[in-house]
Amino acid sequence: MIPLAVPNLTGNEKNYLEHCIDTTYVSSVGEYVSKLEQMTANATGSDFAVATSAGTTGLHAALTAVGVGPGDLVILPTFTFIASANAAAHCKAIPWLMDIDDTWCMDAGIVKEEIEKHCERKDGNLLHIDTGRRVAAIMPVYTLGNIPDMDQFRSIADDYDIPLVADAACAVGAKYKNSAFGSLADVSVLSFNGNKTITCGGGGMAVGNNERLLSHIRHLTTTSRVGVEYDFDMIGFNYRMTNIQAAVGCAQMERLHEFIAAKHRIRLFYEKQFKALKSIGISLFPMTEGSSCWFSGIVLPAASKLEDTRQIIQKLKERGIESRTFWKPVHLQEPYLSAHRSSVEKAESVWERIITLPCSTNITENELQFVAESLREIVTVNLITPVYNF
Ligand SMILES: *Cc1c(COP(=O)(O)O)cnc(C)c1O
């Protein structure tokens, strides 16, 4: 089976893990944790970085640190991995779901419109008029490693004095206007889960330039201990990363440029191979300038349904190729069926037609060729004897 996206662990991972065992530093204190924080700060152009146990826990801590609390609203895109919404829900806040634009990221224009239409300023807060709830954070998601119009999000956040927290979970290595993204939001959170471009097995990292904010996140994620005895000054979380996870992460980060280059090469390969499919309405994933191209794949023609997508995935599987559907929007998920939302037309019109294709950084040229040929055959045959109708 050609897998969808598997970790590439052929660097120093084993050496560093052995070092953890040999030195007994296997837990949440250790040189690799600080080293990975430094490496991630450098790679993201941030002054400060705090390692966490996962992207989700990093987001929860970040939202808590910027003051999101019970009953608040958090603005986020409906087209995202459910963890973005869960992080808000873990703060007992409520997601206010917005539609996406052509980059598959939250549409800044829609966010501005929705705020202008539904909110008022009162006592220094931005209140949602119908519910009286406070808008406590805006959380853009860097889908696929695409960075949306962060200049506009920054100006909305500044205009209304609302913190900007970026879900950069799948965006390690992404650039915005030729720079790393660490300074775009007040805090950005990365994930080092197994399917991400850089993995620790599991883990995450909060990055940013505001020392007070990042220190607060560190305090929150490390049980809020003060001093060396058993004294704690608030209800903290145990969201620390272990030295074992960080050891793997350090070995991975040493190869960041190589991995991003591989992701770009894969993207370019599919782009070339599927150029001709444009005439039957099949397109590639959107890609912003500087995108880190976390995943690659195709989008079926506008009239296609989830059933068509599933059939193609099944046919690829029969040939030994793993492919998958992508994020089902948050507003269609059981826990968020009644969440506040803007119109969600775009998200609804695209998610059922997405097929992610094999894009591991160690995929071979032959494997890529096989995926491309198989997919071409499958969609062409389906066109001649339509199992589904484009
Ligand atoms: C992977 C991912 C997360 C969750 O990160 P974990 O480390 O798995 O908790 C959150 N948001 C997005 C957009 C992701 O891709």
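The ligand sits in the largest pocket, going by a rule that more than half of its atoms lie within 2 Å of the pocket's grid points. A pocket here is an open set of points on a 1 Å grid over the protein atoms alone, with protein on both sides within 12 Å along at least five of seven lines. Keep in mind that this is a predicted model: local features need pLDDT of at least 70, side-chain atom pairs count only at pLDDT 80 or more, and totals for chains, interfaces and linings use all residues. Residues are numbered from 1 along each chain as its sequence is written, and side-chain values use heavy atoms, with hydrogens and water left out.

**Around the ligand**
- The ligand has 16 residues around it, with Gly55, Thr56, Asp167, Ser191 and Lys196 the closest; the cut-off is a heavy atom within 4 Å.
- By type, that shell holds seven nonpolar, seven polar (Gly counts here) and two charged residues.

**Polar contacts (N or O pairs within 3.5 Å)**
- Thr56 puts a polar side-chain atom 2.5 Å from a ligand oxygen.
- Ser191 has a side-chain N or O atom 2.6 Å from an oxygen of the ligand.
- Gly55 uses a backbone N or O atom instead, 2.8 Å from a ligand oxygen.
- Of the 380 Å² that the ligand exposes when taken alone, the protein buries 92% (Shrake-Rupley method, 1.4 Å probe).

**Overall build**
- The protein has twelve helices and 15 strands, counted as DSSP runs of at least four residues (H or I) and at least two (E).
- Along its principal axes, the C-alpha trace spans about 70 × 60 × 35 Å.

Notes: Polar contact = N/O pair within 3.5 Å; in protein donor to acceptor, adjacent residues only side chain to side chain. 1 Å grid on protein atoms, 1.4 Å probe; cavity = no way out; pocket = protein on both sides within 12 Å on 5 of 7 lines; lining within 4 Å.
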